[in-house]
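Try each one before you read its solution.

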Amino acid sequence: MDTIECIKTRMSIRKFMPDPVPKEILLDIINTARYSPSYKNTQPWEVIILSGEKKRALSNMLVDLLEKWTKPSPDIPEPLTWPETEQARIDDLLMKRAAVTGIDFNDPSVLKKSKEVNFKFYGAPHAMYLYQNKSLTPWSIFDIGLFAQSLMLSAHAAGLGTVPQAFATDYASEIKKFLDIPDTKRIILGISIGYPDKDAAEKSLKTDRDNIENFVKWVD
Ligand SMILES: Cc1cc2nc3c(=O)[nH]c(=O)nc-3n(C[C@H](O)[C@H](O)[C@H](O)COP(=O)(O)O)c2cc1C
């Protein structure tokens with residue numbers, strides 16, 4: 001698959017086959033993501049990959065915290081409001097996802113259900129967390145974003161599906177304790193990874209992008 005096709009055809013996958021991905025393939029994908037650029041080549045990323053019983057136990061812990069209505073405290077706070085342009089894009093996304101999935105996003109129980117499927121990593125056989133030292137600046141969060149995109153593109157090129165998940169970081173301090181990650185680190189992103197389930201209704205939602213004339217200024 002060429003680079004342009006890879007970028008244009010990657011999409012978030014939210015239903016997976018249960019089959020585990022061989023360790024060599026997962027490591028190969030991370031090996032490729034390692035080539036991402038970073039501020040002064042600091043490479044401010046650390047990755048933990050979870051599978052099997054440990055992944056299930058983490059999911060159970062997260063669902064349990066949700067059931068107890070524990071207040072989320074992700075290391076990067078969830079945005080509570082958005083500027084008008086970005087909010088309009090969110091509204092558009094939810095409307096289209098509702099059409100594909102039949103989910104009514106105005107139903108208050110939907111957020112809880114949505115968190116639950118996030119915490120179960122959408123049934124993927126593996127979950128990854130990307131994390132880094134807390135003392136790093138916002139540039140390093142930017143760098144880990146570049147790393148995440150390289151990782152998801154490499155996975156897509158290898159026939160795997162991924163979905164990046166801010167929600168999966170909701171209970172950051174409990175996750176770090178569970179995974180023996182020191183509290184001097186911050187968890188940036190969870191990523192579910194596995195072979196896509198080709199029949200999933202959700203998978204068929206190809207999200208739109210705004211036209212370039214709406215966000216590009218050409219000056220000469
Ligand atoms: C930083 C970040 C956080 C995200 N968090 C979640 C999440 O918690 N749960 C989820 O299902 N999708 C999450 N997504 C996926 C986005 O909804 C998705 O990328 C967007 O709608 C565009 O769709 P596409 O990935 O299919 O192109 C996240 C994406 C990014 C980049």
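Axes here are lines fitted to C-alpha atoms, for helices over the stretch in contact, and angles run from 0 to 180 degrees between N-to-C directions. Helices (H or I, at least four residues) and strands (E, at least two) are DSSP runs, numbered from the N terminus. Residues are numbered from 1 along each chain as its sequence is written. Heads up, this is a predicted model: local features need pLDDT of at least 70, side-chain atom pairs count only at pLDDT 80 or more, and totals for chains, interfaces and linings use all residues.

**Exercise 1.** Work out how helix 3 and helix 5 cross.

Start with the axes: those of helix 3 (residues 52–67) and helix 5 (residues 109–119) come within 9 Å and cross at roughly 165°. So helix 3 is roughly antiparallel to helix 5 (the label for angles over 145 degrees). Now list the contact (C-beta atoms, placed from the backbone, within 7 Å): helix 3 brings S59, L62, V63 and L66, while helix 5 brings K112, K115, E116 and F119.

**Exercise 2.** Find which strand gives the most to the shell around the ligand.

First collect the residues whose C-beta atom, placed from the backbone, lies within 6 Å of the ligand; among them are M11, R14, N118, V163, P164 and Q165. Then check the elements: strand 3 (residues 161–165) gives the most, with three residues.

**Exercise 3.** Decide whether D180 is buried or exposed.

Locate D180 in the loop between helix 7 (172–178) and strand 4 (185–194). Then count: D180 has 7 C-beta neighbours inside 10 Å, so D180 is exposed (12 or fewer; buried takes 20 or more, and partly exposed lies in between, with C-beta atoms placed from the backbone).

Notes: Parallel < 35°, antiparallel > 145°, perpendicular 65-115°, else oblique. Contact = placed C-beta atoms within 7 Å.
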